[in-house]
Amino acid sequence: MANKATFTDKGTLQRGKACLRCRKRKMRCDGNRPACQQCTHAKKPDGCEYDDGKGKTRTQLLRETIQQLQQRVRELEDPEYISPAVMLHDPHPPMSESSSSSYDSAGSTPISISHSPYPSGMSSPSETWTHLPVSSPSPSPFMSDIFFEDPRSYQSSFDLGPILLDIFSPHRHQCGLGIHMGHLRESLNLSPDEQRHPALMNSIYLWACFVSRPKPLSQHEESFLSQALDGVRDGLRKGDKLLDVIQASCLLSLYFLANGRLVEGSFHASAVAALAVQCGLQTAVSGEGSYNPSSSRERLDLDHIRPGYQEGERVLTFWQVYNLDSCWSVALRKPRVALDSEDPWTSIDCPWPQDITDYESGNATVSNGFPTVKTFLQGDVSGGFSMQTWRAKASAIFSRADQLAASWRYRLSGVTYPEEFQVLELTINRFLPTILPIHQLNATILEEKHTLIVVHTLIQVSVLMLYQRFAQDDPVTYDKCSAAAKACVAITKFVSEQDYDYLDPIIGSCWTTVAEWLICEITNIESAWALSMTSTDVRNDISTILYAMTTLNARFPVLGKNLPYSFSARLSHYNSPRYIDIKDTKKDG
């Protein structure tokens with residue numbers, strides 16, 4: 001039932017009792033609740049708020065959020081600073097009257113904001129946080145109606161866009177996003193037509209909130225997710241800035257997959273791969289005189305790309321799509337979309353990716369006259385030695401190993417392996433010496449370490465997938481599979497607690513494959529009673545992998561909440577004295 005307003009003897013509303021919207025617009029307010037007549041007539045009843053001590057308004061809630069973010073800024077300025085729990089309070093003293101409100105519980109409890117997206121020992125972004133503007137001449141690029149019915153009427157105390165970009169920046173390699181962060185930050189100050197597509201910006205802000213879990217920014221995930229999805233639909237409808245839309249779709253797909261929303265993630269992965277092929281991203285960037293099938297069809301808004309870092313983003317965007325499509329097609333058991341076939345329309349001629357700074361300086365090759373992936377899988381490992389190239393080559397090997405393993409349906413005859421298997425093994429043996437070895441992982445910078453952990457794991461799991469079909473019939477292939485599994489276990493021992501926050505979620509699927517093999521290996525050992533005492537090392541390896549899976553799943557629930565426990569239950573069947581349970585037992589199925 002609506003509350004009646006308090007009027008003076010002259011029939012006018014008492015001073016200070018009008019709603020905030022009527023006060024701002026200097027309109028006569030009748031003071032009715034939950035919405036006055038003016039707000040109801042304007043079809044904005046949700047925007048009718050009262051600042052009279054009867055509950056926190058959306059304005060006050062936003063101020064509290066800003067206070068949290070200011071504390072966050074201090075943490076990022078000084079990595080060693082440990083902030084205490086901050087008690088948020090109402091900046092407006094309550095008046096004599098008080099009653100319940102729909103916002104009573106917001107901010108009424110202490111909120112700890114000591115979380116930082118940067119691991120201990122890792123330097124914070126190079127930008128100086130103290131130079132944040134004290135006022136914003138235009139609405140914040142991510143402001144929505146989270147707090148206000150009319151966000152344009154509010155001038156924030158500082159722009160939150162750069163803060164979200166700085167939170168996201170160390171995670172861009174984890175997402176596979178090859179983008180020039182400096183130019184991206186500068187674009188925030190450009191006109192709307194010159195800025196990056198809202199779909200891309202909101203996808204980046206979504207990831208920034210996601211990696212901030214469980215702290216305050218994570219509460220805005222649903223809002224940014226909705227805006228990013230709307231932005232993708234709008235970009236596809238208008239057909240403008242499609243490279244941004246493709247990058248955004250990759251981020252959205254990986255966001256869904258990392259959260260265990262596999263159907264949605266699979267849908268977006270397939271859709272963005274189809275769009276990338278339609279745009280001709282798999283073809284050579286340049287090369288006058290060479291056949292380019294995309295030149296004979298609609299250019300789909302890619303003609304504006306200029307040489308330099310923009311051309312580099314085009315190359316990096318294709319390989320972002322390729323990694324997503326190739327690796328997750330294996331994990332999800334679905335067909336690949338970005339096929340590297342003999343058809344010139346789908347043949348991958350895009351040059352291997354380099355670092356975005358190499359494109360800007362002109363040190364990267366953007367022309368290519370041969371099938372990139374096909375040539376590599378035939379054993380030619382030359383060309384491209386960047387972290388981005390290693391990641392793409394690992395994806396190619398991973399996908400090819402799964403393809404061969406799935407297509408071979410016969411038992412191994414004699415000691416001769418199928419020719420295709422031998423060729424892929426040759427490629428692997430030639431490729432591994434070109435990358436930094438496992439034992440030197442801690443000698444690299446963090447971004448490279450995280451990439452190399454994924455690259456080495458993908459390669460070893462590729463060997464495991466390639467030969468495990470023959471392992472029961474051939475001791476040589478059995479030893480190869482065991483060695484690959486042990487190599488994966490050795491890699492996990494280089495993963496620190498902080499590293500888990502920055503790993504590509506596909507590594508969870510790889511660890512699942514390793515755990516399956518180790519369980520089978522224990523089965524084989526236990527069935528041979530004379531060798532039963534040798535299973536201790538394998539049990540220790542399983543405990544290591546299960547710990548890694550559980551730790552990753554706590555950050556990215558890509559494995560599902562029950563999968564690590566299912567492995568734990570299977571292992572307990574053997575009553576191992578070395579068995580280590582996973583923290584808490586599974587609750588209620």
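Analyst: **Inside the core**

Of the contacts in the protein with a separation of 6 or more, 68% are between residues 24 or more positions apart; contact here means heavy atoms within 4.5 Å. Keep in mind that this is a predicted model, where local features need pLDDT of at least 70, side-chain atom pairs count only at pLDDT 80 or more, and totals for chains, interfaces and linings use all residues. Residues are numbered from 1 along each chain as its sequence is written, and side-chain values use heavy atoms, with hydrogens and water left out.

As for the overall build, the protein has 20 helices and zero strands; these are DSSP runs numbered from the N terminus, H or I of at least four residues for helices and E of at least two for strands. Of the 589 residues, 52% are buried, where buried is under 20% relative accessible area, exposed is over 50% and partly exposed is in between, using a 1.4 Å probe and protein chains only.

Now the interior itself. A nonpolar core is a set of buried Ala, Val, Leu, Ile, Met, Phe, Trp, Tyr and Cys residues joined through side-chain atoms within 4.5 Å. The largest one holds 132 residues, and Trp207, Trp319, Phe431, Trp511 and Leu518 have the most contacts inside it. Helix 9 (residues 242–258) is the top contributor to this core, giving 13 residues. There's also a second, separate core of 10 residues, including Ala18, Cys22, Ala35 and Cys36.

Let's go through some of those core residues. If you skip its neighbours within four places in sequence, Trp511 touches Thr457, Thr492, Tyr500, Leu503, Ile545, Ala548, Met549 and Leu552. Helix 18 covers residues 506–527, and 16 of its 22 residues are buried, so the helix is mostly covered.

Trp207 brings us to the aromatic rings. The structure holds 15 aromatic pairs. Rings of Phe, Tyr and Trp (its six-membered ring) pair if their centres lie within 6.5 Å, and planes under 30 degrees apart count as stacked, over 60 as edge-to-face and the rest as tilted. Trp207 and Phe210 make an edge-to-face pair, at 5.2 Å centre to centre with 70° between the planes. Both sit in helix 7 (residues 198–210), three residues apart, or about one turn of the helix. Trp207 counts as buried because its relative accessible area is 1%, and Phe210 is buried too, at 2%.

Phe318 and Trp319 are edge-to-face as well, with 5.0 Å between centres and 70° between planes, and both are buried. Follow the ring pairs on from there and you get a cluster of Phe318, Trp319, Tyr322, Trp352, Phe376 and Phe431.

One more stretch to look at is helix 10 (residues 262–278), which spans 24 Å from its first C-alpha to its last, close to the 24 Å expected at 1.5 Å a residue; that expected span is 1.5 Å times one less than the number of residues. Among its buried residues are His268, Val272, Leu275 and Val277. The buried residues of helix 10 pack against helix 8 (221–238), helix 9 and helix 11 (309–332). After helix 10 comes Gly280, with a positive phi near 75°.

Finally, the cysteines: Cys209 is buried at 0% relative accessible area, and Cys279 at 2%. With a disulfide taken as a pair of cysteine sulfur atoms within 2.5 Å, the count is zero.
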